[in-house]
Amino acid sequence: MTQQSTVLVIDDEPAHRLMVRVVLGDAGFKVLEADNGSSGLATLRAKPVDVVLLDMRMPGMSGLDVLQKMHEEGIATPVIMLTAFGNVSSAVESMKIGAWDYLTKPTDNDELLAVVKKAAEHVRLTRENRDLKKQINQLRETRIIGNSPEIRKVVELIEQVGPSEANVLILGESGTGKELVAQQLHEQSTRCKGPLVKVNCAALPENLLESELFGYVRGAFTGAAQDKPGRFQLAGGGTLFLDEIGELPLTLQAKILRALQERIVEPLGGVTPVSIDVRFIAATNRDLPAMIAAGQFREDLYYRLNVLEIHIPPLRERSEDIPLLVDYLLDKLGRKNNRPIRTVSREFLDALGRHEWRGNVRELENVLERALILCRADTLDLRDLPDHLLASAPASRPAHQAQPGESPLEAAERQALEETLRKYAGHRERTAQALGISRRTLQYRLKKYGLTTR
């Protein structure tokens, strides 16, 4: 066992408690003792216990009384009832009210050890599942899903940069999540209670974009029946996010530069400058230095925007994040499409890991939504993927099948262990270094998945 499990023996027979203490102690368990039901309940309330061995017949509180009291107090520790051979019917009755299993006295040592190990393993798996769900929920709260070094660096930058007032330039391919990063920067800033106003500079023609950004006064042009504030003004006290900044025409770039430098804008048709109080965040998938060299983007605007830079890596450079993304997206898409959350096969994850993902997370989400809607089984498999993903997928090969209840993250973790072990010929030290984990953690995970090395 990688972590010592604690067993509480509640039994009024000292000789039997001694036997249990020796057998389980030799197997690596920590054994606590209580000679009556009241004392056992007091121990359960005061100390963490993984498994309870509970005698059926004791003076005062019986085993059934203790079990019932545990149920009333919400103590969910697995209980193994101990009963005389002729009283098995009572033990069976105890299982109906929540006992994990039962053993007859005198207890066979091997059977005792096997049943206790099984109960302790159940506790361990339940705890791991709870911890995994907690980790996933934490990731969902941030909405930036991933645990790769590249994405951790992005999250760390957001935490450092968010509270400042500095302008930020977010760089990344289409579909990598630039808008999510902008959202997180705003939420971690001192302006989080103010508005986050988003402008997609590529979505509007130049004449409309100017009026949207700077606003206009009544009579500025045909149809301008009243004053209208621009996005700079609407973002007052908050953040203005200029997405696809590389698509701005040069004429507007000069006006935006003035707004950044002087903190004022002039609405179309107006003669009086309007003060603005906003933080600027911009994003682009274009190569701005190359555009500057080609005369398509102002160098002074680039340096004004790029006080701090955050680069979001493409999905193909952080493929180890795909299992977490799959888990998150399937939950999100399952709720959106009123479809039950499904598990995924090893081959399905393998195929996703080999794809280039030119559309990044957005493309992955589209592929998963299609698969979720078309899938007729309980598990997403290769047959649920579009042809262009199957083209690079090899025929099904012998592999460890996902265990019942195994999450996509666990399946991928097992795969990563196997592949890294093969790469380093089973050398544990090198495998642990390559995976960025301690040798002790590696040993735990190898045992968890039943993998052996030299």
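By salt bridge I mean a side-chain nitrogen of Lys or Arg within 4 Å of a carboxyl oxygen of Asp or Glu. Glutamate 356 is partly exposed at a relative accessible area of 40%, whereas arginine 358 is exposed at 55%. For these classes, buried stands for under 20% relative accessible area, exposed for over 50%, and partly exposed for what lies in between, with a 1.4 Å probe and protein chains only.

A word on the basis of these values. The model is predicted, so local features need pLDDT of at least 70 and side-chain atom pairs count only at pLDDT 80 or more, while totals for chains, interfaces and linings use all residues. Residues are numbered from 1 along each chain as its sequence is written, and side-chain values use heavy atoms, with hydrogens and water left out.

I turn to the chain as a whole. The protein chain has 454 residues, of which 45% count as buried. Its secondary structure comprises 19 helices and 16 strands; these are DSSP runs numbered from the N terminus, helices being H or I with at least four residues and strands E with at least two. Among contacts with a separation of 6 or more, 70% join residues 24 or more positions apart, a contact being heavy atoms within 4.5 Å.

Let me return to the charged pairs. The structure holds 27 salt bridges. One of them joins glutamate 33 and arginine 17, whose closest N and O atoms are 3.0 Å apart. This pair links distant parts of the chain, with glutamate 33 in strand β2 (residues 30–34) and arginine 17 in helix α1 (residues 14–26), 16 residues apart. Glutamate 33 is partly exposed, at 31% relative accessibility, while arginine 17 is buried, at 12%.

A further salt bridge connects arginine 127 with aspartate 50, at 2.9 Å from N to O. Because arginine 127 lies in helix α5 (residues 109–142) and aspartate 50 in the loop between α2 (37–46) and β3 (51–55), the pair ties together parts that are 77 residues apart in sequence. Arginine 127 is partly exposed at 30%, and aspartate 50 is buried at 11%.

Which aromatic contacts does the model contain? A search of the whole structure finds 3 aromatic pairs. Rings of Phe, Tyr and Trp (its six-membered ring) pair if their centres lie within 6.5 Å; planes under 30 degrees apart are stacked, over 60 edge-to-face, and the rest tilted. Phenylalanine 232 and phenylalanine 280 form a tilted pair, at 5.7 Å centre to centre and 55° between the planes. Phenylalanine 232 belongs to helix α9 (residues 231–234) and phenylalanine 280 to strand β13 (residues 279–284), so the pair ties together parts that are 48 residues apart in sequence. Both phenylalanine 232 and phenylalanine 280 are buried. Ring pairs also link Phe214, Phe232 and Phe280 into a cluster.

Is tyrosine 302 buried or exposed? Tyrosine 302 counts as buried, at 11% relative accessibility, whereas tyrosine 303 counts as exposed, at 52%.
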